[in-house]
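Below is a set of questions and answers on one protein model. Read each question, look at the structure, then check the answer.

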Amino acid sequence: MKYNIAVIHGDGIGPEVVGEALKVLDTIAEKYHHEFVYTPVLAGGCAIDAVGECLPQATIDACKAADAVLLGAVGGWKWDTLPGDKRPERALLGLRKELELFANIRPAMLFDALADACPLKPEIVEGGLDIVVVRELTGGIYFGERGTKDTELGLAAYDVEQYAEEEVKRIAVTAFDMAMKRNKKVTSVDKANVLESSRLWRRVVTEVAKDYPEVTLEHLYIDNAAMQLVRNPKQFDVIVTGNIFGDILSDEASMITGSIGMLPSASLAKGNFGMYEPVHGSAPDIAGQDKANPMATILSTAMMLRYTFGLSEEADAIENAVKTVLAKGYRTPDIYTEGMTLVGTKEAGRLICAEI
Ligand SMILES: NC(=O)c1ccc[n+]([C@@H]2O[C@H](COP(=O)([O-])OP(=O)(O)OC[C@H]3O[C@@H](n4cnc5c(N)ncnc54)[C@H](O)[C@@H]3O)[C@@H](O)[C@H]2O)c1
Ligand SMILES: CC(C)[C@H](C(=O)O)[C@@H](O)C(=O)O
Ligand SMILES: [Mg+2]
């Protein structure tokens, strides 16, 4: 079958990791007789340089016309001095809003072969870790009113955290549906001891839970949740939380997988459409050096095959290939430990293709 994928290489290590992910998709296409048609489109800093804006309309149109979107990363030092609404990162927020990608799924799984790269004590991670962060992606402080005003203390700037019932309900339903297919536990993370928006969040999540009597619901405040994730990560199955808490918690969760270079993500709209991207950024500190770990992006393509295209056997093939390459001791610098074989971005991609 033929699948159309809009591809945003982006900035920094984005083109490097996406390059390897496309090779993996090509390998899958050949083995399983599919056709993946890639439409490369511009977004982020490279789009600013090429056409003067971070999210050209042509990119939005191409993404909407595609069956799914693959994105590397956007942003970088070069554009850091631009005003907030002109920064490359706005492209990401614009795409999420335009494509109505309200549910961000970030699975943090510690592969057996990577136990040595996990910074947590062996007794804490024994038996493996498998957590999914379900992050609300088109609301909250990222999309609330923002601006500046004069105050007695000088110029003030503000960003408003706001959630409507329906926004909380649909992400809670996503989280509970996911928990039903997993270990039947949802931990909702908020700051309801302080924030009005969190009190609404907690009330709506509790109401949604009534439709899922088999699922255990627990509420944690964000500060405690951040601590518990390191102290006792096994208590978590599905974590559901708002936009900014989810951003922070998922980077923290990435470390229990060994590295941020391992964590994939799916940003889903209603239906099967989704944008797939690694959780990490453009990593300007290692860009262009063949040091980036392409596995987060490669595992994101597996999520694309599974969620949007319904190709679970092919998705399994990618995930198994990644596990085998790790089990054979091949490591990019971010997950390297003594005695392993150090490889670069390209070699890691080649090894995964060869395993498939
Ligand atoms: N989805 C996105 O496009 C996205 C996500 C996060 C940050 N950003 C942007 O990226 C830029 C850099 O942000 P940052 O430095 O805070 O976060 P980052 O995730 O880019 O990098 C943080 C650290 O992790 C390392 N790292 C990240 N990805 C890696 C990989 N695949 N392999 C090995 N090491 C990896 C980097 O070298 C760096 O030390 C900023 O402009 C930021 O806004 C973009
Ligand atoms: C780059 C930034 C806008 C983005 C976010 O905060 O959502 C990133 O950190 C992420 O996690 O996808
Ligand atoms: Mg982030």
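**Domains, a ligand shell and a helix**

Q: How many residues of domain 1 are in contact with residues of domain 2?
A: This is a predicted model, in which local features need pLDDT of at least 70 and side-chain atom pairs count only at pLDDT 80 or more, while totals for chains, interfaces and linings use all residues. Residues are numbered from 1 along each chain as its sequence is written, and chains are lettered from A and ligands numbered from 1 in the order in which they are written. Two residues are in contact if their C-beta atoms, placed from the backbone, lie within 7 Å. On the domain 2 side 21 residues take part, and on the domain 1 side the number is 19.

Q: Which element gives the most to the side of domain 1 that touches domain 2?
A: Domain 1 is 1-109 + 259-356 and domain 2 is 119-256, with bounds from an automatic or database domain assignment. H4 and strand S4 (103-110) each supply at least two residues of the side of domain 1 that touches domain 2; helices (H or I, at least four residues) and strands (E, at least two) are DSSP runs, numbered from the N terminus. With seven residues, the element that gives the most is S4.

Q: Which helix supplies the largest share of the shell around ligand 2?
A: The residues surrounding ligand 2 are Gly75, Glu89, Leu92, Leu93, Asp247, Val279 and Gly281; a residue is near a molecule if its C-beta atom, placed from the backbone, lies within 6 Å of it. Three of the shell residues come from one helix, residues 89-98, and that helix is H4.

Q: Is Asp251 buried, exposed or partly exposed?
A: A residue is buried if 20 or more other C-beta atoms lie within 10 Å of its own, exposed if 12 or fewer, and partly exposed in between, with C-beta atoms placed from the backbone. Asp251 lies in helix H9. Because Asp251 has 16 other C-beta atoms within 10 Å, it counts as partly exposed.

Q: Why are the buried residues of H12 on the same side of the helix, and what arc do they cover?
A: The buried residues of helix H12 (residues 345-355) are Thr345, Ala348, Gly349, Ile352 and Cys353. They are on the same side of H12 because the arc they cover around the axis is only 135°. That arc is taken over the directions from the helix axis to the C-beta atoms. The value asked for is 135°.
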